[in-house]
Amino acid sequence: MAQLEIVMPKMGESITEATIIQWSKQIGEHIALEETLLEIATDKVDSEIPSPVEGILLKVLFEEGAVVPVGEVIAIVTTEGEESDPIEGGKEIKKGIDQMNIDSNQQHKDVVKKEQHITRREGRFYSPLVKKIAQEEGIGLDELDQLKGSGTNGRVNRSDIEKYIQSRQSTISITGAKSRSTDNVEIIEMDRMRQLIAEHMVRSKQTSPHVTSFLEIDVTNIVEWREQHKQAYEKKYRGKLTFTPIFLEAVAKAIVDFPLINSSVDGKRILVKKFIHIGMATALPSGNLIVPVINNANEYDLLGLVQQVNQLADKARNGKLKPEDTQDGTFTLTNVGTFGNTMGTPIINQPQAAILSTGAINKKPAVLETEYGDIVAIRQRMFLSLSYDHRIIDGKLGGSFLRRVGDYLEGFDKHQEI
């Protein structure tokens, strides 16, 4: 009888563990290919995990509510043969689960002691993250039960409870953690997501010697083209036409020209990726960021990139990202212009070698060369900022790549259709 181990998937570069919210199948039940096997929650998103194979759920190695490291085996599915006896299978697995819970409880007992016990009421399940936030904000079970959830089967997720807290006008930090004040100091406790972000950023700085190059470019053609087409696009496709897909298209083309940008370091080896998977930093309703990835971005035309950007952004905002949506990025694009910033010095998203930041687009006087001589005109201009790993990318390569991205953007054809 063939057996397949199901492991806890990785939901992002900085995610090291996830909480099992609910098993959708019981031991002994049949599961179809791509049918939901379980639901998990991280500090960023909730996600339904599909089965990679058709078969029978033979073993469940962690119970609901368990916090499981990425890559850990969580279940076993048989892909051939007759169904296992669900009773005998259940006894066998319960013994294994009991032993695992002893180890898990030993590791997490301090957290468990501090956490208020909030469980299902009328069939409703609250993830450990939601329970933790509710405890910190003094939200009781009766009050929590009144919240309208936007998750699967009406489940309350992180976004729901943070919006509710904001509506109560509670004093919270931008990370969703409760703050308190002493005489002259306000103390803000980091939530788990903020801790993970902090660790990831520090690790990146410790790993890669960062260099940042800057370039100011003229994007007047792009601005005029978007202004001309955005209403028609929204009417036809019911989606927004943003600048992000245009930036992604230019980046993908420049990576083809300078493939070493699309690499990572493994000890004393340089791994140059043949695939171009570009991540785009996306704001969540909580104010935090996640980086969904467009696989093989260089294979899409502009319309395809627009659709990919809109789909992933929508999934991110609604907590519908799947594990594969945030994995295997080889380059990252972040848009600080969204916040009105002129430029930024982004931190590399490990283990990638470079990250591009796009600044705000502003009208400026600029010198233009014409057949009649130089003239001054009002143009739409912006800054690009490229941070790169100086272990493998020197100034010449980094600067040349950035200049090539700028060339593609400045050469944008404003007469093209979409």
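Start with P50. Setting aside neighbours within four places in sequence, P50 is in contact with E34, E35, T36 and L37. P50 itself belongs to strand β5, residues 46-50. Take E39 as a reference point: E39 and P50 are 11 residues apart in sequence, and their C-alpha atoms are 8.9 Å apart in space. Keep in mind that this is a predicted model.

Now the sheet. Four strands make an open sheet, ordered β1-β8-β6-β3, and the pairing is antiparallel. Which strands stand at the edges? They are β1 (3-7) and β3 (30-31). Each has a single partner strand, so one side of each has no neighbour in the sheet. Further in, β6 (residues 55-60) pairs with β8 (residues 73-78) over four bridges, in the antiparallel sense. For one of the residue pairs, look at L57: its bridge partner in β8 is V77.

Next, helix α8, residues 302-317. A quick geometry check. The helix has 16 residues, and at 1.5 Å a residue it should span 22 Å. The C-alpha atoms at its ends are 23 Å apart, so the model agrees with the expectation. Which residues of α8 are buried? The list is L302, G304, L305, V306, Q308, V309, L312, A313 and A316. Look at the spacing in that list. An α-helix has 3.6 residues a turn, so residues three or four places apart point the same way. What covers the buried residues of α8? The cover includes two helices, α6 (220-237) and α7 (244-257). It also includes strands β14 (278-280), β15 (282-283), β16 (289-290) and β17 (293-294). Just after α8, G319 takes a positive phi, about 65°.

Last topic: aromatics. The count is five aromatic pairs. One of them is W225 with F412: the ring centres are 5.2 Å apart and the planes are at 75°. The cut-off for edge-to-face is over 60 degrees, so this pair is edge-to-face. W225 sits in helix α6, while F412 is in the segment after α9 (395-410). Are W225 and F412 buried or exposed? Both are buried.

Two more items. F258, F331 and F401 form one aromatic cluster. And the charged end of R226 sits over the ring of F243, 4.7 Å from the ring centre.

That's my tour. Questions, please.

Technical notes: Residues are numbered from 1 along each chain as its sequence is written. This is a predicted model: local features need pLDDT of at least 70, side-chain atom pairs count only at pLDDT 80 or more; totals for chains, interfaces and linings use all residues. Side-chain values use heavy atoms; hydrogens and water are left out. The expected span of a helix is 1.5 Å times one less than its number of residues. Buried means under 20% relative accessible area, exposed over 50%, partly exposed in between (1.4 Å probe, protein chains only). Contact means heavy atoms within 4.5 Å. Two strands pair if DSSP finds at least two bridges between them. Rings of Phe, Tyr and Trp (its six-membered ring) pair if their centres lie within 6.5 Å; planes under 30 degrees apart count as stacked, over 60 as edge-to-face and the rest as tilted. A charge sits over a ring if NZ of Lys or CZ of Arg is within 6 Å of the ring centre and within 35 degrees of the ring normal.
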